[in-house]
Amino acid sequence: MVTKVNDALTSLAAKSPKPSQDEVRSTLQGLGVEAKDVEVSISKTPTGLDVDAIQGSVKVEKSCVIGQVREGKVAVTLQPVLSTGKCFVGDQG
C-alpha cells in the first residue's frame, strides 16, 4: 500500500502541485480502499488561505500509510494507528 499511495499522490502532484482535500480523498479512495479508511487533512485554513502541505492517510489493519504533498513533492511514511483508531489527531473536516 505504501507504493500505491506514493505512486497515486505523485501522479496527482504532477497535475496539481497543491491539491485540494477533495482531490486527495478521491485519489486515495481510487486505490480501492473503503472510504472509512481514508483520512485527509484540510487544504484551506479557517481564514481561507491555502495550507503549505496536505496529508492523506490510508488505514491498513493496525498501520497508517500517510502521504504528504508539499509544492508538488510527495513524502510517504508508515505509522501505527492512534489509540482512537484513526490516523490523524482531531477533526480534519
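Me: Is Glu 71 exposed or buried, going by its relative accessible area?

Reply: In this predicted model, the relative accessible area of Glu 71 is 62%. A residue counts as buried under 20% and as exposed over 50%, so the class of Glu 71 is exposed.

Me: Where does Glu 71 lie, and what is its phi near?

Reply: Glu 71 belongs to the loop that runs between E3 and strand E4, the latter covering 73–80. Although Glu 71 is a residue other than glycine, its phi is positive, with a value near 50°.

Me: Which residue in the loop between strand E2 and strand E3 has its place described?

Reply: Strand E2 covers 54–60 and strand E3 covers 63–70, and the loop between them holds Glu 61. This residue is not a glycine, yet it has a positive phi of about 55°. With a relative accessibility of 74%, which is over the 50% cut-off, it counts as exposed, and the residue asked for is Glu 61.

Me: In what order do the elements of the chain run from the N terminus on?

Reply: The chain contains 2 helices and 4 strands. Read from the N terminus on, these elements follow the order α-α-β-β-β-β.

Me: Are helix H1 and helix H2 oblique or parallel to each other?

Reply: Two packed helices are described by the angle between their axes and by the distance between the axes. For helix H1 (residues 2–15) and helix H2 (residues 21–29), the axes come within 10 Å and cross at roughly 140°. Angles over 145 degrees would count as roughly antiparallel and those from 65 to 115 as roughly perpendicular, so the relation of H1 and H2 is described as oblique.

Me: How many nonpolar residues does the contact of H1 with H2 have?

Reply: On the side of H1 the meeting residues are Val 5, Ala 8, Leu 9 and Leu 12, while H2 brings Glu 23, Val 24, Thr 27 and Leu 28. Sorted by class, this contact has 1 charged and 1 polar residue, and the number of nonpolar residues is 6.

Me: What radius of gyration does the chain have, and why does it agree with a compact globule?

Reply: Along its principal axes, the C-alpha trace of the chain spans about 30 × 30 × 20 Å. A compact globule with 93 residues would have a radius of gyration near 12 Å, and the chain agrees because its own value is 12 Å.

Me: What distance separates the C-alpha atoms of Ile 42 and Gly 90?

Reply: Ile 42 is found in the loop between strand E1 (38–40) and E2, and with a relative accessible area of 31% it is partly exposed. Ile 42 and Gly 90 stand 48 residues apart along the chain, and the separation of their C-alpha atoms is 11 Å.

Conventions
Residues numbered from 1 in each chain as written. Predicted model: local features only at pLDDT ≥ 70, side-chain atom pairs only at ≥ 80, totals over all residues. Heavy atoms only, no water. Axes fitted to C-alpha atoms, helices over the stretch in contact; angles between N-to-C directions. Parallel < 35°, antiparallel > 145°, perpendicular 65-115°, else oblique. Contact = heavy atoms within 4.5 Å. Nonpolar A, V, L, I, M, F, W, Y, C, P; charged D, E, K, R; others polar. Buried < 20%, exposed > 50% of the residue type's maximum accessible area, 1.4 Å probe, protein only. Rg over C-alpha atoms; globule rule 2.2 N^0.38 Å.
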